[in-house]
Amino acid sequence: MGSVRKASAWLGLVDDSEMRYYDDEYAEGSEPEDARDAWVTDPRVRVTAETAQDQGTRIATVTPDGFRDARGIGELFREGVPVIVNLTAMESADAKRVVDFAAGLTFGLRGSIERVATRVFLLTPPDYQVISGQERRSPDGFFNQS
């Protein structure tokens, strides 16, 4: 139904008895189970769609609540997925433990760890190369205000 028709019905200019605001065929739970499960994710881990997984272009972001979430970081990294770990929501002691775990994980699997921001780290597998934007800047750059 068009927005003009909806507005007209709301104002009482047209009869809305034939208008439906929902689909009669839709019933709660009528969606196939596999389609519903495709949208269920852990809110702390966001990974791109299955097509990206097939192409090997996934990046995961993890915001752990405690050290118990370190296992999820390790499993993603072992699969070859770069992981951004955001430790801003953690207590200092647990954050240090997760950083130590991440450092050992990247060393053991020949990857690399890089601090992106305060308490935010990027773990990259060995077949990825991180290019820093500061390396590419020239002193006569576009944003030079002098």
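# A tour around helix H5

Select threonine 106, which has its place in helix H5. Helices (DSSP runs of H or I, at least four residues) and strands (runs of E, at least two) are numbered from the N terminus. The model is predicted: local features need pLDDT of at least 70 and side-chain atom pairs count only at pLDDT 80 or more, whereas totals for chains, interfaces and linings use all residues. Residues are numbered from 1 along each chain as its sequence is written, and side-chain values use heavy atoms, with hydrogens and water left out.

**Threonine 106**

Is threonine 106 buried or exposed? Its relative accessible area is 3%, so threonine 106 is buried. Here buried means under 20% relative accessible area, exposed means over 50%, and partly exposed lies in between, with a 1.4 Å probe and protein chains only. Now display the contacts of threonine 106, where contact means heavy atoms within 4.5 Å. With neighbours within four places in sequence left aside, threonine 106 touches Phe77, Gly111, Ser112, Ile113 and Leu123.

**The whole chain**

Zoom out to view the chain, whose secondary structure comes to five helices and five strands. Followed along the sequence, these elements give the pattern α-α-β-α-β-α-β-α-β-β. Of the 146 residues, 22% count as buried. Among contacts between residues at least 6 apart in sequence, 42% join residues at least 24 apart.

**Helices H4 and H5**

Select residues 70–78, helix H4, together with residues 92–108, helix H5. Two packed helices are described by the angle between their axes and the distance between the axes. At what angle do H4 and H5 pack? The angle is about 20°, and the axes are 10 Å apart. H4 is therefore roughly parallel to H5. Axes are lines fitted to C-alpha atoms, for helices over the stretch in contact, and angles run from 0 to 180 degrees between N-to-C directions. Angles under 35 degrees count as roughly parallel, over 145 as roughly antiparallel, 65 to 115 as roughly perpendicular, and the rest as oblique.

The crossing of H4 past H5 is right-handed. A crossing has this hand if the near helix is turned clockwise from the far one by less than a right angle, and is left-handed if anticlockwise.

Show the side chains at the contact: Ala70, Ile73, Gly74 and Phe77 of H4 meet Val98, Phe101, Leu105 and Thr106 of H5. These residues divide into six nonpolar, two polar and no charged. Ala, Val, Leu, Ile, Met, Phe, Trp, Tyr, Cys and Pro count as nonpolar, Asp, Glu, Lys and Arg as charged, and the others, Gly among them, as polar.

Within H5, select leucine 105. At 12% relative accessibility, leucine 105 counts as buried. Beyond neighbours within four places in sequence, leucine 105 is in contact with Ile73, Gly74 and Phe77. The C-alpha atoms of leucine 105 and phenylalanine 77 are separated by 8.2 Å, and the two residues are 28 apart along the chain.

Arginine 97 is also found in H5. With a relative accessible area of 44%, arginine 97 is partly exposed. Its C-alpha atom is 9.1 Å from that of alanine 70, a residue 27 places apart in sequence.

**The nonpolar core**

A nonpolar core is a set of buried Ala, Val, Leu, Ile, Met, Phe, Trp, Tyr and Cys residues joined through side-chain atoms within 4.5 Å. The largest such core has 16 residues, and Ile73, Val83, Val85, Leu87, Val98 and Leu123 have the most contacts inside it. At least two residues of this core come from each of strand S2 (60–62), H4, strand S3 (83–86), H5 and strand S5 (120–124). H5 supplies the largest share, four residues.

Select valine 85 next. Apart from neighbours within four places in sequence, valine 85 is in contact with Val62, Pro64, Ile73, Val98, Arg119, Val120, Phe121 and Leu123.

Most residues other than glycine have a negative phi, and most peptide bonds are trans. In the loop between H5 and strand S4 (112–117), select arginine 110. Its phi is positive, about 60°, although arginine 110 is not a glycine. At 71% relative accessibility, arginine 110 counts as exposed.

Arginine 119, in the loop between S4 and S5, also has a positive phi, of about 65°. Its relative accessible area is 28%, so arginine 119 is partly exposed.

End at proline 126, in the segment after S5. Proline 126 is exposed, with a relative accessible area of 53%. Which residues does proline 126 contact, leaving aside neighbours within four places in sequence? They are Leu109, Arg110 and Gly111.
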